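The following explanation is intended to be read with the sequence and the model side by side.

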Amino acid sequence: MLDTGLTTGGRALTPQPPNAIGASLGLLGDEWTLLIVRSAFEGARRYGDWKASLPISDAVLTARLRALVDEDVLRHTAPTYELTASGIDLWPLLLTIWDWERRFVAGQADRLPRMVHAGCGWAFHPVLSCATCHQAVDADSVDATFGPSGSFARSMPVGSNRRRQVSREPAGPGMFSETMAIIGSRWSAAVLGASFLGAVRFRDFEQIGAPPAVVADRLRRFVALGVLAPIRGPHRDAAAYGLTPKGAALFPVVASFLRWGERWRPAADGPSVVATHVACGSPFVPELSCSECAEAIGLSALRIEPVRSTAPASASPRR
């Protein structure tokens with residue numbers, strides 16, 4: 001079970017630079033950004049490629065491309081753009097978001113590309129595993145707590161693309177609408193992080209630093225989305241919440257996000273989160289494996305196919 005590590009959020013903190021979580025959320029907690037990167041993986045290289053494939057305005061596309069170049073996710077050599085090393089390394093995050101949306105959001109299986117593992121030839125879903133022992137993991141098999149740079153104050157997202165307020169109408173195209181409802185605002189992302197760090201009671205969630213009314217609003221939204229559910233029982237008060245199976249299934253997204261952030265946006269004073277795989281006792285380093293053959297997946301072994309394709313990619317037997 002995850003260690004709460006919540007006392008950090010309750011202290012008065014001297015302003016400090018954002019940690020890997022805050023720096024990464026400021027860039028990646030934006031639906032247009034994720035879709036632009038996804039299109040780059042699918043072959044978009046010129047401005048017109050994105051205009052032809054996304055319902056995006058010139059102003060938004062120009063701003064997002066500029067931000068991605070400034071953040072060294074894309075490299076611009078007019079007239080083309082290409083993914084940098086850090087941009088290419090976003091593939092596990094995109095893969096886990098696609099998988100979660102396909103499996104848990106109504107209608108997304110008909111809209112999102114099909115993922116095929118070239119190694120075995122089967123359509124698959126990514127399984128989060130420990131890179132040391134290669135066992136499948138979930139949130140309950142990883143002990144995690146705030147690290148040296150970890151606190152809710154430093155995990156707040158920064159960046160010009162952030163939607164500081166969540167309106168009733170989506171600000172993006174709605175392709176990753178539920179994912180963005182969960183990580184697309186500063187307090188929503190904090191509530192999700194607190195849930196995986198062990199927050200259960202209302203006063204636990206208040207330690208993210210948001211006003212009580214905001215905490216209550218985010219908890220209501222998460223319940224409506226089916227990510228959290230009220231916990232009631234003889235030893236629980238009414239204001240207690242636990243992750244549902246749908247919510248717990250976001251752990252691969254969270255782990256992939258943290259992996260990218262700590263690799264490409266690390267804080268000078270150390271990691272934001274320290275995690276250990278309980279079964280093997282090693283520091284938890286996430287990797288993704290194929291649900292059909294159990295082999296570790298690399299980018300070169302991925303094949304993205306149009307969703308209309310339904311036939312097996314090959315006749316290779318499943319293990």
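The structure shown is a predicted model. The protein has 12 helices and 11 strands. Of its 319 residues, 50% are buried. Among contacts with a separation of 6 or more, 71% are between residues 24 or more positions apart. The protein exposes about 14,500 Å², and carbon and sulfur atoms supply 55% of that area.

The largest nonpolar core contains 82 residues, and the members that touch the most others are Trp50, Phe205 and Ile208. For Ile208, when its neighbours within four places in sequence are left aside, the contacts are Phe152, Trp187, Ala190, Val191, Ala194 and Val215.

Attention now turns to helix α1 and the residue that precedes it. Helix α1 spans residues 20-28, and Asn19 is placed in the segment before this helix. The helix is mostly covered, as eight of its nine residues are buried. Those buried residues are Ala20, Ile21, Gly22, Ser24, Leu25, Gly26, Leu27 and Leu28. Asn19 caps the N-terminal end of α1, with a side-chain oxygen 3.0 Å from the backbone nitrogen of Ile21. The side chain of Asn19 also makes a polar contact, at 3.1 Å, with the side chain of Ser155. Is Asn19 buried or exposed? Asn19 counts as buried because its relative accessible area is 0%, which falls under the 20% limit. Beyond its neighbours within four places in sequence, Asn19 is in contact with Ser149, Gly150, Ser151, Arg154, Ser155, Arg265, Ala267 and Ser272.

Side chains of opposite charge can pair when their charged atoms come close. The model contains 14 salt bridges. In one of them, the side chains of Arg265 and Glu71 meet with an N to O distance of 3.2 Å. This pair links distant parts of the chain, 194 residues apart: Arg265 lies in the loop between α12 (251-264) and β9 (273-277), and Glu71 in the loop between α4 (58-70) and β1 (74-77). The two partners fall into separate accessibility classes: Arg265 is buried, because its relative accessibility is 15%, whereas Glu71 is partly exposed, with a relative accessible area of 35%.

A further salt bridge joins Glu82 and Arg75, whose closest N and O atoms are 3.5 Å apart. Glu82 has a relative accessible area of 38% and is therefore partly exposed. Arg75 is partly exposed as well, at 39% relative accessibility.

Arg259 and Asp89 form another salt bridge, with the closest N and O atoms 2.7 Å apart. Because Arg259 lies in helix α12 and Asp89 in the loop between α5 (85-88) and α6 (91-104), the pair ties together parts that are 170 residues apart in sequence. Both Arg259 and Asp89 are buried. Elsewhere, salt bridges that share partners join Asp217, Arg218, Arg220 and Arg221 into one network.

Two of these sites may be recalled together.

Methods:
Residues numbered from 1 in each chain as written. Predicted model: local features only at pLDDT ≥ 70, side-chain atom pairs only at ≥ 80, totals over all residues. Heavy atoms only, no water. Helix = DSSP H or I, 4+ residues; strand = E, 2+ residues; numbered from the N terminus. Buried < 20%, exposed > 50% of the residue type's maximum accessible area, 1.4 Å probe, protein only. Polar contact = N/O pair within 3.5 Å; in protein donor to acceptor, adjacent residues only side chain to side chain. Contact = heavy atoms within 4.5 Å. Core = buried A, V, L, I, M, F, W, Y, C linked by side-chain atoms within 4.5 Å. Salt bridge = Lys/Arg side-chain N within 4 Å of Asp/Glu carboxyl O. Areas by Shrake-Rupley, 256 points an atom, 1.4 Å probe, with all protein chains shown as cover.
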